[in-house]
Amino acid sequence: MILRDAATGKEYSISLPCLIGRGREADLVLDDPAVSHRHALLEGTDEQVWIKDLESTNGVWVNGSRISARTFLHPGDFIQLGQLKFLLPAPAVASAEQTVVLHVLERARVTPELDRRRLELIYDITTELPGSRDVMQLGEKIFVRCREYFQQDHGTIALFEEDGRLKPLCCDYQDGALPLSRSIVKRVLQNGESLLLEDALSSDSFKKEESIINLRIRSAMCAPLIYHNQISGLIYLDRNIPGAYSQSDLELFQSIAAIIAPLIENARLWSELQEKYADTMDKLRSTETRLIDTERVAAYVRLAQAMAHEVRNPLAALGGLIRRIARTNQEGVEQQKMQTMVKSVERIEAVLQEVDGFARLSLPEKQLVRMDLLVQEVLENCQEELRRKQVSPQLAVATANVMAPVDRQLMKKALAAVCREILFGIGQGSELPVRLQDGEGALEIRFGPVQDAGSFRDPFAPVFRDKPWCNSLFLNIAHKILLDHGGKLLLNTEGHGVLPLMLLISRSITVESEMQGGGAG
């Protein structure tokens with residue numbers, strides 16, 4: 001009896017019964033740490049052969065399924081012990097039947113003389129197909145090219161899974177998966193040879209098979225797909241008329257199989273790479289979400305610093321005025337000083353009101369909003385302060401895509417907070433350019449002179465540590481709202497005040513977000 005190593009092709013001649021294992025007492029010793037000392041026992045008669053698992057650690061697998069009892073073996077079956085796979089070859093086919101039905105082409109002696117049509121077919125396959133990275137599309141293109149020459153009725157490309165099972169990859173068959181003849185598959189895989197079937201109904205081995213009868217198969221060709229000296233799968237074509245394919249057709253067919261085998265394997269690896277890339281991106285998005293949450297917590301810490309900063313200034317003014325009043329010991333208070341005290345108190349009250357509203361901010365409920373109109377609305381609401389400071393805003397829209405998924409009220413609050421902080425520090429009679437433009441996966445809203453995007457940083461960046469205007473309560477409110485939208489607020493590292501600054505608003509809608517209405521704001 002012969003066992004063939006499916007990976008190397010090495011054959012082992014054994015006698016039954018045969019003890020297989022890693023120990024010295026085994027009849028067939030396998031050097032594999034995953035194989036037990038007494039792993040399996042092969043037994044049989046002249047008619048039948050079976051295998052039994054001797055309670056091994058990693059089990060015995062036949063055709064991809066782990067066995068639990070004595071299992072009968074058939075030619076063409078795959079046996080896996082540990083990490084090693086073996087093929088049980090089929091016995092030699094009678095020579096009379098081979099000459100009538102089958103023509104076997106050995107890979108070592110393929111020297112086809114191709115005519116012009118065949119050369120064109122080979123040329124088209126070698127120039128067009130290497131650019132295909134999708135496995136299914138590649139299979140469809142292969143069948144389209146083959147049909148121009150072979151005019152097949154059915155076709156299939158099948159690849160081996162890791163467990164040794166043969167899985168159809170692409171079928172040129174309108175009713176779905178093509179039921180392959182088990183006998184054809186075995187004869188192709190047992191020695192890695194291509195097979196030509198001239199007339200299935202003239203062979204006792206094929207004419208009784210259900211797939212042959214149901215599909216009315218008369219002529220067929222099947223060739224192994226060999227990659228790195230291993231059979232990775234097979235390609236199969238058939239027609240329902242006898243004598244449709246000749247020996248020269250088989251030679252051409254095997255040449256095509258040799259060309260497409262690495263193309264299919266590369267496409268399959270590319271598909272796996274894409275799946276792994278998509279999985280990695282999902283993990284990165286999840287990590288990004290956690291980082292945003294962490295950054296949000298840090299924003300609360302900065303909020304406390306901002307509150308102290310905003311409250312400290314008016315309190316200092318009040319304290320100074322009160323000390324001066326105490327030193328002068330006057331009965332009345334001058335009107336100008338009184339107004340200064342009142343304004344300082346009003347500012348404290350406004351800051352505390354903003355803090356109260358900030359603490360109750362809800363998570364955004366997104367809908368598509370026209371951001372140019374929203375920015376225009378916020379600027380119009382600031383007209384009184386703009387006129388008082390004689391500031392002229394200049395809104396420019398440099399993108400056709402002004403829609404963004406945002407919570408309209410929250411984003412309006414963020415823009416209003418930014419404008420309030422800008423107007424607090426901007427000089428009298430200044431210009432205020434406002435520009436909407438495309439960013440990398442986001443909509444950019446820039447306030448102030450145009451600057452290189454590389455000079456903008458997050459407000460929490462170390463470069464702003466000694467710049468007190470970065471502690472502004474209103475900037476922190478805007479930044480927190482933008483973080484909740486998947487965006488952020490960026491400040492200019494070269495500026496000496498809040499301007500210029502940039503808002504990044506994400507255009508993507510996450511799974512957790514919902515589009516409500518989808519109308520413009």
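Trainee: Which residues does Leu 81 touch, not counting residues up to four places away in sequence?

Mentor: Leu 81 touches Ile 20, Leu 30, Asp 32, Val 35, His 39, Ala 40, Val 60 and Phe 86; contact means heavy atoms within 4.5 Å. This is a predicted model, where local features need pLDDT of at least 70 and side-chain atom pairs count only at pLDDT 80 or more, while totals for chains, interfaces and linings use all residues. Residues are numbered from 1 along each chain as its sequence is written, and side-chain values use heavy atoms, with hydrogens and water left out.

Trainee: Why is Leu 81 called buried?

Mentor: Its relative accessible area is 1%, and buried means under 20%, exposed over 50%, partly exposed in between (1.4 Å probe, protein chains only). Leu 81 is therefore buried.

Trainee: What makes H11 largely enclosed by the rest of the structure?

Mentor: 12 of its 12 residues are buried, so the helix is largely enclosed. His 479, one of them, has a relative accessible area of 2%.

Trainee: What does the side chain of His 479 reach?

Mentor: The backbone nitrogen of Leu 489, at 3.2 Å.

Methods. Helix = DSSP H or I, 4+ residues; strand = E, 2+ residues; numbered from the N terminus. Polar contact = N/O pair within 3.5 Å; in protein donor to acceptor, adjacent residues only side chain to side chain.
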